[in-house]
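I opened this notebook to record how the secondary-structure elements of one model are arranged. The entries follow the order in which I looked them up.

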Amino acid sequence: MTSQIRSERGGWNPDWEIDGNCVPAARYTDPAYADAEQANLWPRAWQVACRTEQLLEKGSYVEYEIGDQSILVVRVDRDTIKAFFNSCRHRGTTLATGSGCFERGMMSCPFHGWTYRLDGRCALVTYADELSEEQRDPERLRLVECQAEVWANFVFVNMDPEAAPLEEAIGPGTRWADIAAIDRMSVVWHRRTVFPANWKNALAAFQEAYHAETAHPQFQTEIGYGDPGSFGYFPDEKGCAHAGLLPDAVFGEEPADQAAAFYRFVSYSHGLGDSGQYSDVDVALAKKVSERPVPKGSSIYAEYLKELYAHAAEHRIPLPTPTPEEAAHIGSTFLFPNLVVTPIIGGAVAMLFRPGSDGVESCSMDWWSLRILPEDEKAPEYAICDVDYHDMEAVGEILWQDFATVPRSQKGMRARGFEQLSLNPIQEVAILNMHHELDCYLKR
Ligand code: FES
Ligand SMILES: [Fe+2]
């Protein structure tokens with residue numbers, strides 16, 4: 001990556017070693033471990049910076065912040081999105097904050113007026129003739145670029161110019177989300193909250209369903225992420241975890257039980273923030289099918305899909321048509337280091353976790369409701385809504401329950417008597433594997 005001489009920080013400490021199924025609590029509480037992530041994880045990993053919907057016009061930009069780094073993601077032209085370190089080549093001033101559109105396609109520094117084209121070339125150095133020839137070298141004046149690539153309308157960036165392409169990094173792990181046609185989905189809303197837990201601790205609530213029975217009792221036990229063992233890494237796909245929902249298998253034996261359980265599941269999933277995953281229409285369809293007998297040889301989920309596709313045909317919603325076997329794999333996908341996508345047929349919730357201001361025991365979470373819209377319907381205007389994680393109405397009941405337990409876990413991890421997390425190697429294997437993956441970045 002772009003090198004910069006810094007004082008020695010971010011080195012590896014042998015006390016952080018994984019021991020079987022146990023992970024040192026220091027990985028969640030020690031500022032030195034967060035320093036190691038800042039030095040060796042975030043500068044080298046592909047990570048989501050924004051959505052393409054935020055960059056529709058030429059010159060539009062989004063500032064992406066991770067730790068002490070600020071990156072500008074910029075729409076250069078119809079086919080090109082670039083990312084640059086948000087740092088003027090003169091004395092480092094950040095060129096823009098938040099989001100917006102660069103007027104006349106120029107990025108102008110607010111300090112001494114040096115100005116850059118959207119592709120990063122320097123267009124103007126004020127009093128250039130007073131600088132040495134070497135200082136005026138166009139290559140030296142060019143903004144320093146990060147890699148930028150798009151998957152499913154998420155713009156990923158990587159600060160490391162040597163990093164392998166995005167496809168290699170997230171690779172086949174995206175295939176179940178791709179089957180759900182996640183790239184056809186539009187943003188219905190984007191919410192953001194700040195939360196008192198290490199980013200990995202917040203993320204972990206979405207890497208396992210082990211907690212669902214206790215922390216989300218409304219689902220009742222027959223609903224889970226299917227085979228809990230499936231929430232693991234594919235053996236040869238580093239950085240990806242996946243859980244199929246296996247809808248038919250988890251809704252109980254008796255048709256009447258199935259119907260009630262299915263409706264409960266859909267309506268509570270809808271509670272992942274209003275229309276987060278299942279929409280109002282999905283809930284109404286689930287209600288309709290749960291109130292009539294399931295024909296012999298069919299299942300509640302098959303009946304629901306019939307209604308869903310009939311509704312889609314009527315409203316020209318281009319739903320994907322996976323085979324039943326493929327549909328059973330649509331569930332949840334984790335892309336290392338910090339994105340979780342949970343598609344269903346027709347929609348998804350995606351969640352992104354980043355270290356917060358102290359880098360250790362606070363994090364920010366962004367989450368999106370995504371939906372395949374009718375062909376003639378325009379997506380709502382893009383806006384990020386900041387919400388308070390205590391606000392059940394704003395975050396939805398399920399997240400509210402997660403937000404109630406995760407900070408308690410964070411607090412307890414600081415206990416002097418608590419040295420390591422003892423993970424369930426079946427149901428929490430994704431968390432364990434994530435730590436092994438982190439080691440690949442941090443042990444240097
Ligand atoms: S710091 Fe940008 S022009 Fe001086
Ligand atoms: Fe949860």
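**Sheet and helix packing**

I looked up the bridge partner of Ala 83 and found Cys 146 in β10. The model is predicted: local features need pLDDT of at least 70, side-chain atom pairs count only at pLDDT 80 or more, and totals for chains, interfaces and linings use all residues. Residues are numbered from 1 along each chain as its sequence is written, and chains are lettered from A and ligands numbered from 1 in the order in which they are written.

I then noted that β5 (residues 80-85) and β10 (residues 145-151) run antiparallel and are joined by two bridges; strands pair if DSSP finds at least two bridges between them. Strands (E, at least two residues) and helices (H or I, at least four) are DSSP runs, numbered from the N terminus.

I traced the open sheet of seven strands as β2-β11-β10-β5-β4-β3-β6, with antiparallel pairing. β2 (47-51) and β6 (99-101) each have a single partner strand, so one side of each lacks a neighbour in the sheet.

I turned next to α10 (residues 280-290) and α11 (residues 300-315), which pack at about 130° with axes 9 Å apart. Axes are lines fitted to C-alpha atoms, for helices over the stretch in contact, and angles run from 0 to 180 degrees between N-to-C directions. The two helices are therefore oblique to each other (under 35 degrees is roughly parallel, over 145 roughly antiparallel, 65 to 115 roughly perpendicular, the rest oblique).
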